[in-house]
Amino acid sequence: MSQFDISKLPQGGKGFMHDWGSDQRAFKGVPWGKAMMWIFLVSDTFIFSCFLISLMTARASTTVPWPYASEVFALTVFGVEVPLLLIAIMTFVLITSSGTMAIAVKFGYEKRRKLCALFLLFTALGGLAFVGMQAFEWSKLIFHEGIRPWSNPFGAAQFGSFFFMITGFHGTHVSIGVIFLFIFARKTFRGDFDTGRKGFFTSMKSNYEAIEIMGLYWHFVDLVWVFIFAFFYLW
Amino acid sequence: MEQNKKQEVHTHKIGIYLWIWGLLFVFSFFSYMVDYLDFQGLLRWTLIVTFMLTKAGLIMAIFMHLYWERWAIVNVLLWPMTLIGVFITIMVSESHYTFFTRLFYFVVGS
């Protein structure tokens with residue numbers, strides 16, 4: 001196939017024109033799986049953007065006061081009301097799992113199989129903790145605070161529907177990621193990426209690039225949370 | 001081809017990931033403090049957006065390796081995001097209009 005030496009190609013803007021103008025593949029040094037994951041993530045970005053933009057539209061166009069998230073999501077610890085405590089912990093847990101994922105990718109490329117699997121497992125457990133806390137948050141809001149998609153005691157009725165829609169969609173992404181992380185941790189530990197064992201679903205050989213692709217998805221989930229944290233909880 | 005690809009792959013020292021991890025912690029802590037110290041108004045929004053964009057930039061550049069990718073793919077990924085900016089602008093003016101008409105008809109009646 002292609003015989004290019006990537007270090008000799010022009011860089012920066014010239015490289016951009018060169019790569020797109022050449023009659024080979026445009027994304028040099030990018031495995032197809034990674035390019036496909038990136039394209040999926042761009043489309044997913046648009047979905048989450050639509051949610052957050054419609055949140056903005058609802059909030060800016062309602063004449064009823066919007067519930068103050070800082071108070072709605074406050075947690076009482078030893079008799080003291082701490083605003084957004086659970087959300088802050090969830091944020092730190094998700095960032096930590098993103099960090100362990102980045103380290104797992106690094107160990108994967110260095111072919112340190114067991115360390116890679118271990119860090120994938122840490123990442124999965126972090127994601128699991130996040131989903132668990134989210135389930136706790138949801139049940140608290142539904143059973144104790146009486147927040148419903150169509151009404152809530154704090155203010156504008158749209159608040160509930162946006163909360164359940166946005167955090168629910170994000171939580172679904174996390175849950176899917178956790179499932180795949182456990183699968184990949186097992187595959188890595190078993191040595192599938194060293195022996196070229198075929199996947200049970202794709203029946204194709206894979207290698208440690210798969211860990212990086214998994215990582216892109218996981219970092220994206222973290223990235224979306226950064227925006228949800230800012231726009232839904234803090235704004 | 002397979003062999004080539006293996007050699008090109010960057011691996012970085014573990015330190016850089018730990019650093020970014022630490023920075024993300026710090027910035028998350030800062031944005032939490034914005035709420036905890038109860039900053040309001042323009043200061044609140046500026047700080048929230050600044051910390052948010054810094055965190056997003058760090059995650060994309062280092063954790064998602066965009067900093068080391070070639071511009072061909074970086075441009076394909078980032079330019080579509082300008083459309084989101086356009087969409088936000090449209091919807092801001094749309095929601096102001098809706099707000100105005102609601103106020104108008106709630107007060108004046110139809």
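A crossing of two helices is right-handed if the near helix is turned clockwise from the far one by less than a right angle. In this predicted model, helices α2(A) and α8(A) cross in that right-handed way.

Start with this pair. Helix α2 covers residues 32-61 of chain A, and helix α8 covers residues 209-234 of chain A. Their axes come within 10 Å and cross at roughly 10°. Angles under 35 degrees count as roughly parallel, so α2(A) and α8(A) are roughly parallel to each other. From α2(A), the contact includes A:Trp38, A:Leu41, A:Phe48 and A:Leu52. From α8(A), the residues include A:Ile213, A:Leu216, A:Phe220 and A:Phe227. By class, the contact has 15 nonpolar, one polar and four charged residues.

Now turn to the two chains. In chain A, 45 residues are in contact with 45 residues of chain B. On the side of chain A that touches chain B, the elements giving two or more residues are α1 (12-21), α2, α4 (85-109) and α8. The largest share, ten residues, comes from α4(A). This side of chain A divides into 27 nonpolar, 13 polar and five charged residues.

Finally, look at a single residue. A:Ala135 sits in helix α5 (residues 113-144) of chain A. Is A:Ala135 buried or exposed? A:Ala135 has 11 within 10 Å, so A:Ala135 is exposed. A:Gly168 is 33 residues from A:Ala135 in sequence. In space, the two are 9.8 Å apart, C-alpha to C-alpha.

Key. Residues are numbered from 1 along each chain as its sequence is written. Chains are lettered from A and ligands numbered from 1 in the order in which they are written. This is a predicted model: local features need pLDDT of at least 70, side-chain atom pairs count only at pLDDT 80 or more; totals for chains, interfaces and linings use all residues. Helices (H or I, at least four residues) and strands (E, at least two) are DSSP runs, numbered from the N terminus. A residue is buried if 20 or more other C-beta atoms lie within 10 Å of its own, exposed if 12 or fewer, and partly exposed in between; C-beta atoms are placed from the backbone. Axes are lines fitted to C-alpha atoms, for helices over the stretch in contact, and angles run from 0 to 180 degrees between N-to-C directions. Angles under 35 degrees count as roughly parallel, over 145 as roughly antiparallel, 65 to 115 as roughly perpendicular and the rest as oblique. Two residues are in contact if their C-beta atoms, placed from the backbone, lie within 7 Å. Ala, Val, Leu, Ile, Met, Phe, Trp, Tyr, Cys and Pro count as nonpolar, Asp, Glu, Lys and Arg as charged, and the others, Gly among them, as polar.
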